[in-house]
Amino acid sequence: MALSRTALLRASRHAAPMHDLLIAALCQPSRRCLSTTTGRHQAAPAPTQPKGAPGKRKPLTKEQRDFLASALRVNQAGELAATLIYTAQKTPIVRAHPHLRPLMEHMYDQEASHLKTFNALIAKHRVRPTALYPLWSLMATGLGWGTAVMGREAAMACTEAVETEIGGHYNSQIRTLLEMFEQWESEGYEVGDELRELVGTLRRIRDEELEHLDHAVEHDAKKAEPHWLLTGVIRAGCRGAIWASERI
């Protein structure tokens, strides 16, 4: 059974509180890395400053850099797929149900904004996009068109299934980042604004994705037949696509 927006949000309520954080690097040393200072003329810490003292930033490990890069890569791929699903669904759904045009356009516009956000982050930090772009593009278009042809309920069940997986995926990323930040603070390190902004971005996008889930349920996603099979297959496909895009 697909989770509701409330249930998905509950999964992240006990995460560590937000802290002021900064990405030390998302890329190899030869690439552009995020600044660890708040201004061009800010003085560097004194050489005698002890490790872990306030104001000292802890460099990311290779594992942490890899996590951040894979997170941006898979998020970009997921938002690309979402825009293509809604693009393929819009014409058949709006033709049969003209009153749904504003909703379909609203959800598409939000997904397009999400994709623009991750395109910018991918370019800024020189993260390699997934090599599976052509495959995901084809599959997302086919999924959108196929469920729209099956009818309004099937199209909404597709949104329900996709957004259930995506909401949980964003929650997992947020938890991992907050646990990383908590560990840094426990060691006495200060972290800055850019990672805080990244977590804020992930939370905002997650909430908008879960709004889409709510809209889908409100517009009879549960009435799709067979609901359990349709949503189960789509959710399994989403999990597989997430796994592959994080790595390829």
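What follows begins with the model, then turns to the pocket and its surroundings.

Reply: This is a predicted model: local features need pLDDT of at least 70, side-chain atom pairs count only at pLDDT 80 or more, and totals for chains, interfaces and linings use all residues. Residues are numbered from 1 along each chain as its sequence is written, and side-chain values use heavy atoms, with hydrogens and water left out.

First, the setting. The protein has 7 helices and 0 strands. Helices (H or I, at least four residues) and strands (E, at least two) are DSSP runs, numbered from the N terminus. Along the sequence the pattern reads α-α-α-α-α-α-α.

Now the pocket. Rolling a probe the size of a water molecule over the atoms shows where empty space is left. The search uses a 1 Å grid over the protein atoms alone. A pocket is an open set of points with protein on both sides within 12 Å along at least five of seven lines. A cavity is a set of points where a 1.4 Å probe fits but cannot get out. Lining residues have an atom within 4 Å of a point. Grid points are joined across faces, edges and corners, and a volume is the space filled by probe spheres set on the points.

The largest pocket has a volume of about 480 Å³. It is lined by 26 residues, and the closest to its centre are Ala81, Ile85, Gly237, Cys238 and Ala241. Four helices each supply at least two lining residues: helix 2 (62-96), helix 4 (133-150), helix 5 (152-186) and helix 7 (227-247). Helix 2 gives the most, with 8 residues.

What is the lining of the largest pocket made of, by class? There are 17 nonpolar, 5 polar and 4 charged residues. Ala, Val, Leu, Ile, Met, Phe, Trp, Tyr, Cys and Pro count as nonpolar; Asp, Glu, Lys and Arg count as charged; the others, Gly among them, count as polar.

The whole structure holds 3 cavities of 30 Å³ or more. The largest cavity has a volume of about 60 Å³. Ala82, Ile85, Tyr86, Glu111, Cys158, Thr159, Val162 and Glu163 line it. Helix 2 and helix 5 each give two or more residues to this lining. Here helix 5 gives the most, with 4 residues. The lining divides into 5 nonpolar, 1 polar and 2 charged residues.

Buried residues (under 20% relative accessible area, with exposed over 50% and partly exposed in between; 1.4 Å probe, protein chains only) make up 46% of the 248 residues. In soluble globular proteins, nonpolar side chains tend to be buried together. A nonpolar core is a set of buried Ala, Val, Leu, Ile, Met, Phe, Trp, Tyr and Cys residues joined through side-chain atoms within 4.5 Å. The largest one has 49 residues, of which Met104, Leu177, Phe181, Trp184 and Leu198 touch the most other members. Helix 5 supplies the largest share of this core, 15 residues.
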